[in-house]
Amino acid sequence: MVVLRLNIAEWLKYGDAINGLLDYIPEGKFNLLNNISDRFIRTIHGEMVSKNTIYTSTYYNSLQKEFIGTRYNPEFHIVINPVGPQADRLHIYWKTLEFGSQPIPFLASKPIVDWAESKFGDASAGYRIANKIRKMGVTPHPVLQSIFQLSPNGEVVGLSNLGVQIIEEESVGIMNELRGIFISTIIKTGRIVKRGPGGRFVR
């Protein structure tokens, strides 16, 4: 399971300065995490589509965004939640594709033959693939690493450059929204003043 957690606590230390925005901040958190999660999923799905002879619909459909908590305390997780006809093998399958494998001399043919027949309508392709894996192993076809840095056992340990870029871009978008609301809040509460008759400042 791959989990996305983004710490936005730094926003809250400026609570006194943005008191007029406190009602919006929870919505801003929700929108930021939601937008980042959507873009992460779209990016990884795009990698899968570009390797469509390798990645199955089971893997594609099992990569999901999961919302927990409330809109005032939101968390979005990106998870591999196995669904579909090959769901029972996905916990092994995704790691093998992501990292590759050494030759597997005693690999059983049937699961690969069944997959090839379902994928290509050609059982003979499954035997060829199985024989290649027995002799040469599996070549890595990483997709999760387009966004995440992964440890050898598949745990998320960081973000790729693209993952960081997506967070930065979405954060700028949210901050621009906050800036616009902050300015309009100042205007509405009369904090912008001008000199009136007699040199007095008025709202």
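The model is predicted. Side chains of opposite charge can pair when their charged atoms come close.

**Salt bridges between separate elements**

- Asp38 and Lys65 join their side chains in a salt bridge, with 2.7 Å from N to O. Asp38 sits in helix α2 (residues 25-50) and Lys65 in strand β1 (residues 63-70), so this pair links distant parts of the chain, 27 residues apart.
- Asp38 is partly exposed, at 26% relative accessibility, and Lys65 is partly exposed too, at 33%.
- Glu170 pairs with Arg39, and their closest N and O atoms are 3.1 Å apart. Helix α7 (residues 161-188) holds Glu170 and helix α2 holds Arg39, so the pair ties together parts 131 residues apart in sequence.
- Glu170 counts as buried, at 16% relative accessibility, while Arg39 is partly exposed, at 21%.
- Arg39, Glu169 and Glu170 are linked in a network of salt bridges.

**A salt bridge within one helix**

- Lys110 and Asp114 meet in a salt bridge of 2.7 Å, N to O. Both lie in helix α5, 4 residues apart, which means about one helical turn separates them.
- Lys110 is exposed, at 58% relative accessibility, whereas Asp114 is partly exposed, at 35%.

**The largest pocket**

- The largest pocket has a volume of about 730 Å³ and is lined by 23 residues.
- Tyr93, Ile112, Ile129, Ile133 and Val138 lie nearest its centre. Helices α4 (90-99), α5 (110-120) and α6 (123-136) each give two or more residues to the lining.
- The lining divides into 15 nonpolar, 6 polar and 2 charged residues.

Definitions and conventions: Residues are numbered from 1 along each chain as its sequence is written. This is a predicted model: local features need pLDDT of at least 70, side-chain atom pairs count only at pLDDT 80 or more; totals for chains, interfaces and linings use all residues. Side-chain values use heavy atoms; hydrogens and water are left out. On a 1 Å grid over the protein atoms alone, a cavity is a set of points where a 1.4 Å probe fits but cannot get out, and a pocket is an open set with protein on both sides within 12 Å along at least five of seven lines; lining residues have an atom within 4 Å of a point. Grid points are joined across faces, edges and corners, and a volume is the space filled by probe spheres set on the points. Ala, Val, Leu, Ile, Met, Phe, Trp, Tyr, Cys and Pro count as nonpolar, Asp, Glu, Lys and Arg as charged, and the others, Gly among them, as polar. A salt bridge is a side-chain nitrogen of Lys or Arg within 4 Å of a carboxyl oxygen of Asp or Glu. Buried means under 20% relative accessible area, exposed over 50%, partly exposed in between (1.4 Å probe, protein chains only).
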